[in-house]
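Please keep the structure open as you read.

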Amino acid sequence: MRSHTTARRAARSSADSAERRTFRQLAASLAAIGREFHSRGWALGTSGNFSAVVGRNPLRLAITPTGADKSILTPAAILKVEAGGAAHNGSRRSLRLQKKSSETASAETLLHLTVAQACGAGAVLHTHSIWGTVLSSQYASQGGIAIAGYEMLKGLAGVRTHEHREWLPILENSQDMAALADSVRRALEKHPASHGFLLRGHGLYTWGRDLVEAKRHVEILEFLLEVVGRRFSEVSVGSVPSVPSEFSA
Ligand SMILES: [Zn+2]
């Protein structure tokens with residue numbers, strides 16, 4: 001009996017140290033991504049937040065803290081948060097956080113947990129770029145932006161041709177994170193093929209199976225948003241460009 005208990009403790013201790021190693025590696029990558037995205041103008045000041053899955057059951061994330069200046073982000077600033085499991089909110093299931101471990105985590109941690117759970121993503125990255133902010137306001141009345149016909153679309157996971165049509169849903173922004181997480185979950189259910197979504201007047205969320213893929217998706221989607229923004233601002237200054245009917249949601 002005692003040997004079984006000892007073996008269990010040894011296995012737990014080995015799993016804990018493996019998880020600490022994973023966390024340290026992810027924290028270093030997240031800090032580097034934060035500094036790089038700041039230098040690209042996608043996460044200026046304290047804007048943007050970045051996370052990666054450390055483990056599941058329960059879902060555990062390494063995530064940037066609230067209010068961190070991304071130009072000087074260090075691995076030591078990265079926090080670990082844990083989903084408190086599924087809680088019932090009326091008839092809807094939603095995630096909640098374990099309060100003690102998330103006091104200084106990003107205010108948008110609940111959105112990261114929601115995306116990581118709904119998409120099975122290994123990493124979730126959120127930027128506040130100029131073009132994401134402009135276009136998410138400009139196209140909000142249409143519910144999203146359709147992007148098609150560009151070679152760079154092939155940088156999105158599973159996309160093999162420039163003829164791919166990428167639909168980026170646009171959700172109303174809110175400071176009520178529980179309500180926003182619910183609307184994110186509904187959008188992901190409705191548009192399972194989308195590689196990201198925009199919050200109106202706020203920014204882009206995208207994800208990937210790991211940090212490498214999620215980072216690539218930020219680069220691709222920010223490139224495409226800038227192309228769409230520049231292209232349409234040249235032809236229709238001040239007006240909302242119409243989305244061709246074949247691209248409608
Ligand atoms: Zn944000």
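Helices (H or I, at least four residues) and strands (E, at least two) are DSSP runs, numbered from the N terminus. This is a predicted model, in which local features need pLDDT of at least 70, side-chain atom pairs count only at pLDDT 80 or more, and totals for chains, interfaces and linings use all residues. Residues are numbered from 1 along each chain as its sequence is written.

Let's begin with P58, which sits in the loop between β1 (49-55) and β2 (60-63). The peptide bond joining N57 and P58 is cis, with omega about 0°. N57 lies in the loop between β1 and β2 as well, and its phi is near 60°, a positive value in a residue other than glycine.

Now for the helix pair. Axes are lines fitted to C-alpha atoms, for helices over the stretch in contact, and angles run from 0 to 180 degrees between N-to-C directions.

| Helix | Residues | Residues in the α2–α4 contact |
|---|---|---|
| α2 | 109-119 | L110, L111, T114, V115, A118, C119 |
| α4 | 177-190 | M177, A178, L180, A181, V184, R185, L188 |

Contact here requires C-beta atoms, placed from the backbone, within 7 Å. The two helices, α2 and α4, pack at an angle of about 25°, with their axes 9 Å apart. That makes α2 roughly parallel to α4 (angles under 35 degrees count as such).

Leaving aside its neighbours within four places in sequence, V115 is in contact with A121, V124, V184, Y205 and W207.

Technical notes. Contact = placed C-beta atoms within 7 Å. Parallel < 35°, antiparallel > 145°, perpendicular 65-115°, else oblique.
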